[in-house]
Amino acid sequence: MNIHEYQGKELLAKFGVSVPKGGVASTPEEAAEIAKELTGKVVVKAQIHAGGRGKGGGVKLVDNVSEAKQTASEILGMNLVTHQTGPEGRLVKKVWVEEASDISRELYLGIVLDRSTGLPTIMASTEGGMDIEEVAEKFPEKLLKIPVDPLLGIWPSSARKIAYSLGLPDNLIKDGVRFITNLYKFYEEMDASLVEINPLVQTKDDRLLALDAKVNFDDNALSRHEDVKEMRDTDEEDPLEVKASSFNLNYIKLDGEVGCMVNGAGLAMATMDIIKLAGSSPANFLDVGGGASREMVENAFRILMDDQAVRAVFINVFGGILRCDILAQGVVDAVKSVNVNVPVIIRMEGTNVEEGRNILESSGLDFKVGNGMADAAQKVVEALKN
């Protein structure tokens, strides 16, 4: 689950991570009141779940209270388009108003789970303000990666190594170690999947501040953090993804034309790959899970049909806990109750596969059955041409 910058900063501050003073506003009047309390120059920042806000006109430095009010009125309600929102953009409903920082240097600090090692990894770079992918590509020698054993936590020596790698002056090393240690403590205790401070700034009066904060949480751990669950902003999520989550389905919208329904994340990845190899592209990632019921399969099918970009459906299931006969009956029930005007191709193997095939054949509905993944993917592409 993602949260807004202002929410991330509020949580980070509770863990002793230094952030600029500020407040969130939903109206120009509220923004003016916050600017009045902060005094001096302030920054008005659009709050959406996307990067590149500054380039899109969603982050502006202003000199006084009246300018803060005027700028907030311009940003609030705007449809902010960035490289991460796509051409459709995002509607800005809140702004974060914070004290302006007198910046000396911009740095990068982040913590993410490294899937290759299975360990939380702290990443640091002197190239703050840039996308970390760009840093890794253009300046790989300037990106330090320190894995952390979660059973031992972050060692003081590791935190010092990171602080020195950032080029902090001697008088800021202690503050840097504290900042890094507190950030890791937040990542661990809050079950975050990503914490990114970009930029982490060194001010001219030698302070370290998290000028931005991107925080993602592990959905599977949200039951331990009711306060975080309440921060969810469904307006920032794809409507179909929100609908899918209400049915406990794992769904991610993509930009292709083939709707995919599978049981298992690994099979989902393989399905998307084979669709690409066959000459088309997936419209989504939809994993109904190993223990899906007939009702879940039916709900999954409804979600696929709600996506106007879907021109064909590829159902690829290996029957284990989810038996093939249950899958088949769920698909038949869904097709009978939902207006389906696209071809449906099914590939299934495993438990009760013959019973499942019999259900499909006796349904009187026009399903195409693939003999293996490659054959099914080819049938999908052929159906798209007709």
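A residue is called buried when its relative accessible area is under 20%, exposed when that area is over 50%, and partly exposed in between. With a relative accessible area of 32%, Arg232 is therefore partly exposed. The model discussed here is predicted. Its protein chain has 386 residues, of which 50% count as buried. The chain contains 13 helices and 18 strands, and its C-alpha atoms fill a box of roughly 75 × 50 × 40 Å along the principal axes.

**The four-stranded sheet**

- An open sheet is formed by 4 strands in the order β1-β6-β2-β3, with antiparallel pairing.
- The strands β1 (22-25) and β3 (59-62) stand at the edges with a single partner strand each, so one side of each is left without a neighbour in the sheet.
- From one strand to the next, the twist averages 20°.
- Strand β1 is joined by 4 bridges to the antiparallel strand β6, which covers residues 95-99.
- Within this pairing, Ala25 has Val95 of β6 as its bridge partner.

**Strand β7 and its partners**

- Strand β7 (residues 103-114) runs antiparallel to strand β10 (residues 192-203), and 8 bridges join the two.
- Glu106 stands opposite Val201, a residue of β10.
- Strand β7 also pairs with strand β8 (residues 119-125), in the antiparallel sense and over 7 bridges.
- In that pairing, Tyr108 stands opposite Ser125 of β8.
- A hairpin is formed by β7 and β8, with 4 residues between them. In its turn, Gly118 has a positive phi of about 75°.

**Salt bridges**

- Side chains of opposite charge can pair when their charged atoms come close.
- Across the whole structure, a search finds 26 salt bridges.
- One of them joins the side chains of Lys45 and Glu5, with an N to O distance of 2.7 Å. Lys45 lies in strand β2 (residues 42-46) and Glu5 in helix α1 (residues 5-14), so this pair ties together parts that are 40 residues apart in sequence.
- Lys45 and Glu5 are both buried.
- A network of salt bridges links Glu5, Lys9, Lys45, Arg53, Glu98 and Asp212.
- Arg232 forms a salt bridge with Glu237, and the closest N and O atoms are 2.8 Å apart. Glu237 has 22% relative accessibility and therefore counts as partly exposed.
- Glu349 and Arg357 meet through their side chains in a salt bridge of 3.2 Å, N to O. The relative accessibility of Glu349 is 25%, so this residue counts as partly exposed.

**Helix α8 and the residues at its ends**

- Helix α8 covers residues 239-246, and Asp238 caps its N-terminal end. A side-chain oxygen of Asp238 lies 2.8 Å from the backbone nitrogen of Leu240.

- Trp155 is found in the loop between β9 (143-147) and α5 (156-165).
- The relative accessible area of Trp155 is 52%, so Trp155 is exposed.

Note on methods: Residues are numbered from 1 along each chain as its sequence is written. This is a predicted model: local features need pLDDT of at least 70, side-chain atom pairs count only at pLDDT 80 or more; totals for chains, interfaces and linings use all residues. Side-chain values use heavy atoms; hydrogens and water are left out. A polar contact is a pair of N or O atoms within 3.5 Å; within protein, one must be able to donate a hydrogen and the other to accept it, and residues adjacent in sequence count only if both atoms are side-chain atoms. Buried means under 20% relative accessible area, exposed over 50%, partly exposed in between (1.4 Å probe, protein chains only). Two strands pair if DSSP finds at least two bridges between them. Axes are lines fitted to C-alpha atoms, for helices over the stretch in contact, and angles run from 0 to 180 degrees between N-to-C directions. A salt bridge is a side-chain nitrogen of Lys or Arg within 4 Å of a carboxyl oxygen of Asp or Glu.
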